[in-house]
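Okay, thanks everyone for coming. Let me put the structure up, and then I'll walk you through a few local features.

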Amino acid sequence: MSKIDRQEILDVLDGYDREDITIATLGSHSSLHMFQGAKAEGFRTAVVCEKGREVPYKRFNVADEYIMVDKFSDIVTDEVQDKLRDLNSIVFPHGSFVAYAGLDNIETIFNVPMFGNRDILRWEAERDLERKLMTESGVRIPKKITNPSKIDGTVMVKFPGARGGRGYFVANSTEEFDQKIESMLERKWIEEKDIKNAHMEEYVLGCNYCIHYFFSGLKDEVELLGIDSRYESTIDGLVRVPARDQLDIGVNASYVVTGNHPVVLRESLLPQAFDIGDKITEGAKELVPPGFNGPFCMQTLVNDDLEIVVFEMSARSDGGTNTFMNGSAYSYLYYGEPLSMGRRMALEIKKGIADNRLEEIIT
């Protein structure tokens, strides 16, 4: 099936009442601040939600319209798409939207205007494309190991897609790799077909920081809006146990993200952080035009040489943006008031409408 032609999306957008735009997304992941930010800027909001999962949006009163579905993946059905278009919806993508709607569907059948570059979403999901973008942009990344038989030190193993760390593990040998693969299969965290797509890279010892950027296509400028770090189970639970007792627990460490907390970087590291954001946006313009548009995140480790190493990226709003629903230290520096990523996204849509340039930031 061929990709949706850009003109098809623009034709839908041309039929919208731009004085009555709705901001819509899937009710999961990082949607709360998207809805709150959209409402703060005067937009109507619509949540596509599985039955039984609507509680947060009702309790926090952030959604104006509820499109209830049996399962999240129904967002790509003709019925749901018709409802979204009837509401003059612009969809804000996030990790759960990408995972449940499916990349193939987003590229070929989801004929609803989206904020940002829908083509770049595949570049975060497929490790080789992700690595190509970061390498050709000149961003420092961990060394790749091409085959389990070539493991000769500590490696991190992970799999494609927005998994929230599920199935990731550390291995120090081929034997340990095989043993942990079997464990992941038994837990049903991966499937047999996933094994051939296992991505292995050197394990970089350092502090984890997820740096959240916003690229404004209207201003051609990168903003650093916030930084978070993650709580991951069971690794965070294990490190609270004395080292002599860890082996007795008999649990393989896992990296499933269970929560996030806001942080600020040592100020001397900020030039590196801005340099990474600038490099990756310029690289993306060349490799997958028009490149990033709106929020993206570089997941990094900072070693004791104070070097920022990027190990993963999100080409849309990342879950850690939840840590600054009421603004971060960095968004405050830009705007002088609390500002979430969701509100920054809404501001870009608002300016696109006011300047008659909405087509430039929609795909």
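You'll find His29 in the loop between strand E1 (22-26) and helix H2 (31-40). Those labels are DSSP runs numbered from the N terminus: helices are H or I with at least four residues, strands are E with at least two. For background, most residues other than glycine have a negative phi, and most peptide bonds are trans.

Before I go on, a word on the model: this is a prediction, where local features need pLDDT of at least 70 and side-chain atom pairs count only at pLDDT 80 or more, while totals for chains, interfaces and linings use all residues. Residues are numbered from 1 along each chain as its sequence is written, and side-chain values use heavy atoms, with hydrogens and water left out.

How many of its 10 residues are buried? Seven, which leaves the helix mostly covered. Those are Ser31, Leu32, His33, Met34, Phe35, Gly37 and Ala38. They pack against E1, strand E2 (44-50), helix H3 (55-59) and H15, with contact meaning heavy atoms within 4.5 Å. After H2 comes Gly42, with a positive phi near 90°.

H15 (residues 341-354) is also where Arg344 sits. Is Arg344 buried or exposed? Buried, because its relative accessibility is 3%. Its side chain makes a polar contact with the side chain of Tyr335, at 2.8 Å. The criterion there is a pair of N or O atoms within 3.5 Å; within protein, one must be able to donate a hydrogen and the other to accept it, and residues adjacent in sequence count only if both atoms are side-chain atoms. Leaving out residues up to four places away in sequence, Arg344 touches Phe214, Ser216, Lys219, Glu223, Leu225, Tyr335 and Leu339.

Next, helix H13, residues 270-287. It has 18 residues and reaches 26 Å from first C-alpha to last, close to the 26 Å expected; the expectation is 1.5 Å times one less than the number of residues. Its buried residues are Leu270, Ala273, Ile276, Gly277, Ile280, Thr281, Gly283 and Ala284. They cover an arc of only 165° around the axis, which puts them on the same side of H13. The arc is taken from the directions from the helix axis to the C-beta atoms.

What do the buried residues of H13 pack against? Helix H8 (127-136), strands E9 (207-216), E10 (221-234), E12 (294-302) and E13 (308-314), and helix H14 (329-335).

Val302 is in E12, and it counts as buried at 8% relative accessibility. Not counting residues up to four places away in sequence, Val302 touches Gly206, Cys207, Tyr209, Leu269, Glu307 and Ile308.

Now the rings. There are nine aromatic pairs in the structure. Rings of Phe, Tyr and Trp (its six-membered ring) pair if their centres lie within 6.5 Å; planes under 30 degrees apart count as stacked, over 60 as edge-to-face and the rest as tilted. One of them is Phe169 with Phe177, tilted, at 5.9 Å centre to centre and 50° between the planes. Both Phe169 and Phe177 are buried. Tyr213 and Phe296 have ring centres 5.0 Å apart and planes at 15°, so that pair is stacked. This one links distant parts of the chain: Tyr213 is in E9 and Phe296 is in E12, 83 residues apart. Tyr213 is buried, with a relative accessible area of 1%, and Phe296 is buried, also with 1%. There's a cluster too, with ring pairs linking Phe92, Phe115 and Phe214.

Last item, charges over rings. That needs NZ of Lys or CZ of Arg within 6 Å of the ring centre and within 35 degrees of the ring normal. The charged end of Lys58 sits over the ring of Tyr66, 5.4 Å from its centre. Arg187 lies over the face of Trp189, at 4.0 Å from the ring centre.

That's my tour, happy to take questions.

Notes
Buried means under 20% relative accessible area, exposed over 50%, partly exposed in between (1.4 Å probe, protein chains only).
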